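Dear colleague,

After it I set out what was found.

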Amino acid sequence: MNKYIKWILGAAVLVFVLVFPFIVSKAYHMHIALMIGIHILLALSLNLVTGYCGQLSIGHAAFYGVGAYTSALLTLTFPIPFWVAFFIAAIVSAFFGLLLGLPTLRLKGAYLVISTLGFGEIIRLILLNWIDVTRGPMGITGIKAPDSIFGLDFANKTNYYYLMVLIIAIVLILMRLVTNSRTGRAWIAIREDQLAAEVMGIHLAKYKLIAFVASAFVAGFTGSLYAHYVRFISPDTFVLSESIAVVIMVLIGGMGTLVGPIIGAIGITYLLEALRDLGQWRMVLYGLILFFCAVYLPKGLMGLYNYALIKIKSKREASVVKANEGGI
Amino acid sequence: MNLLQLKDLTITFGGLTAVDHVNFNVEKNQIFGLIGPNGSGKTTIFNLITGIYKPTKGEVYLEDEQVSGLRPDQVASKGITRTFQNIRLFKELTVLENVLIGSHCMIKTGFVDDLFGTPKKRKEEKLALERARELLAFFHLDTVENEMAGSLPYGKQRELEIVRALAAQPKLLLLDEPAAGMNPQESQNLMQLIFKIRDTGLTVLIVEHDMKVVMGICDRLAVLNYGKKIAEGTPAEIQRNEEVIEAYLGRKEENNA
Amino acid sequence: MFLQQLINGLVLGSIYTSIALGLTMIYGILGIINWAHGELYMIGAFAALYLIMIVELPYFAALLATVVIMAIFGFLLDKLVFSPLRGKSDNTIILGTLGISFFLQNLGIIIFSPNPQGITSVYNNMNLNIFGVTVTYSRMIILVVTIVFIIFLNWFIGNTKTGKAMRATSQDYTAARLMGIDIKFVSVVTTIIGAALAGIAGSLAGPIFLVYPTMGILMVTKAFAVVILGGLGNVGGAIFGGFILGIAEAMAAGYISSALKDIVAFVILILVLIIKPEGIFSKYAVEKV
């Protein structure tokens, strides 16, 4: 059953994704698609450090923000093309990942979470108060769209969309490679049982740092993508509720899988937009969703799916056994 | 030739000396047993050897190289791996995944290889998978390689933990009460397993309470009581040792009182 | 000046201690990291606000009524939030209570509006003179009520059957169950005590500091700093830490700058996390293998 269905499903999704801009009529829907893309990248990046490596981080918006501001400021202050600023933003953000990872190596549980919270808040406060550089609450306007290559104008939403799809595809491929490797297994081992992982030869500090840095790197260039798409950024975007939204996406989709965060990102971003009229009630809903996920869906929707698969498989095996016994 | 040497190994926690100037050597290819009443410091010694604790005094040597003071992951890559008293398998991962993680030290890829899927990675991963499957087959666990480790019966879980520890191709294998909770048949199987392991060239240091197993497989024993070594010798010698008998029987009398 | 700040510090410390006590007990006895604890403080404050400003109850009657309201809340919190989360991984528990915290905060913003409101109290204007230092009655009440509560709590934990059960559970959850201790009952009692303490702190602090739906976040972060300083689960540590933080903040505000007041908690937190994450009073640094 599985292999064929997976291929068909995958192909269908691919076709849909590629054809999407032509199906869509309203610019608003394109915008949602692009924001979904941004959130997919954010969720995938958080997934590395929290989903695979098990280090719960609720300050992820910090890396997103650092990336956005770095990219915006670079392109506005120096004649640096977007394509370079994009990478520099990622590298700067990765460095911040190191800043968070290093002091928190020995921390677990609540201690770790508080530290990530504190880190996120500190970055937010810096973005808000370092007015000379970041223009504080007024934000940065007039950010340029990416310079065109091959004559493609990236102020155009459709072109930006395909750029985003390409980037997501590359990220997915790389993530699949790294999670199905010695590094990925080391992360999972750390998540499942840190001490056991250590006595098996896994250098905790090294792998935790790699997770933080990789996570921040991706979030960093996602920030750059965001900044050059909406072309205006302010500290309001990079707040705790955004970090929590990303956590919810990873949690509800399924930590430690690649498909999970994607589903979560799509679902939550869509939900947020659909419920835009509800205003403050959206936040109330966040809280409830987070709670119910924690209690009933700790492995997310993917976890539910896998559980269902196992149940179906064992039911099948049971009926095969029964059939054989009947035959005898 | 001495594979493992404990020299004056001591550790104190607060006011309590859990391990008190313990000295013994384990020769290559030996099956060496560490026994003693509960709380005598046996698991603590394991923790000291594997780097989980740092000794307050004294050292641990592996093939004349000091390993005490190293991080646990460094100790593992030097060639010492272990199982735990209360089974620390990755219960939510499959049997195969557990063994693959166990072989972490043996796989030679770096982060860059892993990220970009270099030919080196493909080769190493293939090798690792083959070795893992071979190991599982050797212990008759290959049929369940895709089962969740936590779903295996208790005896099989204990075996899997041993297999996982072997995946790192260690020189010295530390077994912490591997027979706990086993029925006589399972203990018999375990003993055969350990002999098989020794036959492949490994050295085994085992902490165990089940005296049938201990006397049945160990070449040599060291007996601990209140953190101190009170006797060392062959199983026959230990069984006749007065102090050992008193340590065990003395304890028994306390319990009956 | 010193005396003035010392007294301010003790008052602040009382509030921090009350909140930290509940937090540390809930962790120590139930194993639950209650991220929503700050919201209990907030609810207590709003309860007092409502009772004093709208129902127009006299101050102390309102305080008593608040205790009752907090007890009900505590009961609900235990049944609806802690019970389902019990036994799950630490990360899951943190996420669950974080969700509830978010839920309550934003519900509060909708119901009460985000604007800070004040509680008028005659005690705000009545002054007391101690060794030449002027202190409002309101502040003294905070200190006195907190100390009374601490003494009561100490007696309760040390001398009642339930208190003993709580102590046993905090030392070894499984053994306690095996001994026949009714964990559900212990859970409810612990949560109610924690909620009452936090709520009272809120209602006491209301007249002095203002009341607003997000007042809990800053408090719970500081409370965590206190709890980590004293050691997660350590009651004496929470009391010690709470007063230390209060005094440190007051001194910083008095001698350096009041803008720096909030940073003190963060600095302490960072120092503790770097130097001795288990807290000053913890004996165990090592995980049992």
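Predicted model: local features only at pLDDT ≥ 70, side-chain atom pairs only at ≥ 80, totals over all residues.

Helix α4 itself covers residues 82–101 of chain A, and its 20 residues reach 28 Å from the first C-alpha to the last, close to the 28 Å expected at 1.5 Å a residue. The buried residues in α4(A) include the phenylalanines A:Phe82, A:Phe86 and A:Phe96, and among them are also A:Ala85, A:Ala89, A:Ala90, A:Val92 and A:Leu100. A:Ser93, A:Gly97 and A:Gly101 are likewise buried in this helix.

Turning to chain A as a whole, its secondary structure comes to 14 helices and zero strands, so that the pattern along the sequence reads α-α-α-α-α-α-α-α-α-α-α-α-α-α. Its radius of gyration is 21 Å, close to the 20 Å that the globule rule gives for 328 residues, and chain A is therefore as compact as a globular protein of that length. The C-alpha atoms of chain A fill a box of roughly 80 × 50 × 40 Å along the principal axes, and 48% of its 328 residues count as buried. If you look at contacts in chain A between residues at least 6 apart in sequence, 77% of them join residues at least 24 apart. The chain is divided into domain 1, which runs over 27–297, and domain 2, which runs over 302–328, and the centres of these two domains, taken over C-alpha atoms, are separated by 39 Å.

Where chain A meets chain C, 26 residues of chain A are in contact with 27 residues of chain C. On the chain A side, α5 (109–129), α11 (240–253) and α13 (280–296) each supply at least two residues, and the largest share, eleven residues, comes from α13(A). Sorted by class, this side of chain A has 20 nonpolar, five polar and one charged residues.

Chain C has eleven helices and two strands, and along the sequence they follow the pattern α-α-α-α-β-β-α-α-α-α-α-α-α. With a radius of gyration of 18 Å, close to the 19 Å that the globule rule gives for 289 residues, chain C is as compact as a globular protein of that length. Its C-alpha atoms fill a box of roughly 55 × 45 × 35 Å along the principal axes. Of the 289 residues of chain C, 51% count as buried, and residues 24 or more positions apart account for 77% of the contacts with a separation of 6 or more.

The largest nonpolar core holds 263 residues, of which A:Ala211, A:Ile248, A:Leu290, C:Ile19 and C:Ala223 touch the most other members. The helix that gives the most to this core is α10(A), with 16 residues.

Chain B has ten helices and ten strands. Its radius of gyration of 19 Å agrees with the value near 18 Å that a compact globule of 257 residues would have, and its C-alpha atoms fill a box of roughly 60 × 40 × 35 Å along the principal axes. Of the 257 residues of chain B, 44% count as buried, while residues 24 or more positions apart account for 65% of its contacts with a separation of 6 or more.

B:Leu62 has its place in strand β4 of chain B, which covers residues 57–62, and B:Leu62 counts as buried because it has 22 C-beta neighbours inside 10 Å, where 20 or more are required. Not counting residues up to four places away in sequence, B:Leu62 touches B:Leu3, B:Leu4, B:Val67, B:Lys78, B:Gly79, B:Ile80 and B:Leu172. The C-alpha atoms of B:Leu62 and B:Ser77, which are 15 residues apart along the chain, are separated by 12 Å.

With kind regards

Definitions and conventions: Residues numbered from 1 in each chain as written. Chains lettered and ligands numbered in written order. Helix = DSSP H or I, 4+ residues; strand = E, 2+ residues; numbered from the N terminus. Rg over C-alpha atoms; globule rule 2.2 N^0.38 Å. Buried ≥ 20, exposed ≤ 12 C-beta atoms within 10 Å, placed from the backbone. Contact = placed C-beta atoms within 7 Å. Domains from an automatic or database assignment. Nonpolar A, V, L, I, M, F, W, Y, C, P; charged D, E, K, R; others polar. Expected span 1.5 Å × (residues − 1). Core = buried A, V, L, I, M, F, W, Y, C linked by C-beta atoms within 7 Å.
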